[in-house]
Amino acid sequence: MAGDGEPVLASEPQLLVMPHEVWTAVAWSLCVPDVRQVAACCKLMAREASDRDLWLHLFMSTCWPPSSALLALTEGATMDPMAVDWRSRLQTRAAAMPTLVVDIGQGYTKWSIVQGMTGRAEGDVRPHIVQLCSSPTHPPECDRSEQLRYIHAQVDRLVVPAAARDPAHPLHHAVLAPTQTQPTVGSFALLRGVAEPTLNGSFVHLIAHDSTSELWQVGQLERLQPRRRSDDCSLRVRAENLQLLRQARDFPLLVGERFAATVERGGRSIAESEIARSVRQDIGSRPGPVRIVPQALMSLWAHGVDHGIVVNIGQMQTFAVVIVRGQVALGAAIQMGSARLTNYLLSLMTDRHDLDPSLMTWCRDMKELHCYVAPPAPFSRGGQDLQARLGDGDDFGIMPVEVQTPEGRTLQMAEERVLVPELFFDQRRPGATLPQLILHCAEATLSRGLCSEEGARTLLQQIVLVGGAADFPGMRPRVEFEVRELLRHRGTPALRAAVASTDDVYVLNPPVGHNGPLITPRFVPLFGGCVRAASSLNLDEPLQALVPGEGEEALTPRTSHVASTAALLRSQLLRRVRAGAAVFRTGGGGGEDDQAWQLFWQDMREEEDDSDEDEVDSPDYEMLRRSESESEGSPGEGTSSAAVAVAREQLYHQPMRSRRLGRPGGAADEETHGQGKGKGKGKRAKGKGQGKGKRQRVWRPVAQPSSA
């Protein structure tokens, strides 16, 4: 009680004197609607509602995709992310109309609808797929010349009515036409307020208008109740009984040009290409704008960049397209694709198990389920390829699996698991290997003056693999390793001079979000198109890549309270934002790292040997230990990470009888020791209680630094 007898609320002075940093921390825990409502009625939060850091945080936590670095790259953020008006960007995304994104393929076409705030309508899962090819069990869903019309019809019949009826649907507000929209013949609508309750919510299209009665004749496209025989398929209603809806033709359309078409087009404008003519013939004129871009560029957009080399593993061919600052520079192809791998697996299984040659589809499924890319064989053990090593009795750590044919036969897949993907790396066959294709494209781009030395270096730092076969476990680290080795031993002097280090070659991993991978390599082009379409920037605006490691003053807290909650939150967020495309490298934290080789060999067991000394003192182990210690002790000097990888490969891939593997789940080069009663033996023993145990040796990719 106060001296005059009037009560004083103890909470009032505490709220008034609460520091700005505390209110900022409170605001950071709110979502966009909460901030808007609180700022409108609470003067204490007015200052925080205008804080630039808060709106950066709200943008990154609210918008799609759920990756701070990818959002910043896609928004064209400058060296100082705080120079961007994130509140305005957030408003632009919220008001933007969803975009229909279509990734046209030869056998299958993928499509999705994306909005900048809510993301893809179906979520971060497998997109919608239209089958264009014919199979024994599934006929094509439509003709190739009509696929865009088919997709528009699917959106109108399935997506639009579902979104209009469900307020929680991510496209609910987007499919509702503005109130000032006038009804026209052919428009779609939902019935509302009609006398017959069972008709409310019915999905209809407008057929004709009677100017005398001011009634619209509508046809029911979908009924909520079963139709009686006496029911007429058409109704007459007033305009106020119609909730007009948008149609697929009203949404912006982004179409991806196939890799084969991009390579064949050469330097001609995409507006004059075959796909442009096909799109015009397929859908004609439409209210919503249409944009056609190469799928190679869409694949780079999936990583927030517009400069790099994209490799697409198709059905019959593998294409490599070089994109320089958003423009196609050149393309090349090799005659190797997924269909040839399926045929090869069928041949191997037929030779071994007398398989029915008609089981082609089954072999395709087994290939996708059980095949993986083996570690690089030609760069060790005298340059022997994988098949030669298998022929010499090196089991290469292959774990056989049992598979069942449609007829019920149980067969074993062993060497086939690695021999099939090895076709991409087999230097004995005619033509270039996949890594050689990448190196050739980089060399040709530089030699023809299509990019500078710095541009060539960036090309090799931003390699992207897409397509179904790109999803083979072990594919990305194997390609990265072999391109480095090829550059080191066979690269042109000009390209080697342009690249600071032969280890400065990276294959980017598919992005991950808060709950795991956002996409697989098979659907990366579609995902990239969705990422760019969701941006608040125009598609013509170039992306400004962030350069990690510079401008660290932007990360310094602006107040003297360096350890305050708001300052720490700001620093953490800015570091994530400014990480750039390097987060998609192995170990960068923003992509799905491919640890397939560790995964396969962790589960293998061998009985423990009585002595550790032979293993500890082996020349191979000492070479690996020295290589690793030199590499870790002096970054950029001494033995390179690729040399360490070769040393690991030479040691870890000895025949199984000479390897000792421990418990699953350990890291590479992990030691596990049991508890013994006496003094331990060998160089690793340290006093009493050190017993004998197992050493785990695993070939795995070396984690790359997250800085460019």
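Among contacts in this chain between residues at least 6 apart in sequence, 67% join residues at least 24 apart, where contact means heavy atoms within 4.5 Å. The model is a predicted one: local features need pLDDT of at least 70, side-chain atom pairs count only at pLDDT 80 or more, and totals for chains, interfaces and linings use all residues. Residues are numbered from 1 along each chain as its sequence is written, and side-chain values use heavy atoms, with hydrogens and water left out.

The chain has 708 residues, and buried residues make up 52% of them. Buried means under 20% relative accessible area, exposed over 50%, and partly exposed in between, with a 1.4 Å probe and protein chains only. The secondary structure comes to 26 helices and 21 strands; these are DSSP runs numbered from the N terminus, helices being H or I of at least four residues and strands E of at least two.

I turn now to the aromatic rings. A search of the whole structure finds three aromatic pairs. Rings of Phe, Tyr and Trp (its six-membered ring) pair if their centres lie within 6.5 Å; planes under 30 degrees apart count as stacked, over 60 as edge-to-face and the rest as tilted. One of the pairs is tilted: Phe-59 and Trp-86, at 4.9 Å centre to centre with 50 degrees between the planes. This pair links distant parts of the chain, with Phe-59 in helix α5 (residues 52-62) and Trp-86 in helix α7 (residues 86-95), 27 residues apart. Both Phe-59 and Trp-86 are buried.

Another pair, Trp-64 and Phe-527, is edge-to-face, at 5.6 Å centre to centre and 70 degrees between the planes. Here Trp-64 lies in the loop between α5 and α6 (68-74), and Phe-527 in helix α21 (residues 524-533), 463 residues apart. Trp-64 counts as buried because its relative accessibility is 6%. Phe-527 counts as buried because its relative accessibility is 1%.

Next, the packing of two helices. The axes of helix α17 (residues 434-447) and helix α19 (residues 475-490) come within 9 Å and cross at roughly 55 degrees. Axes are lines fitted to C-alpha atoms, for helices over the stretch in contact, and angles run from 0 to 180 degrees between N-to-C directions. The angle therefore makes α17 oblique to α19: under 35 degrees counts as roughly parallel, over 145 as roughly antiparallel, 65 to 115 as roughly perpendicular and the rest as oblique. Residues making the contact include Leu-434 and Ile-438 of α17, and Val-479 and Leu-486 of α19.
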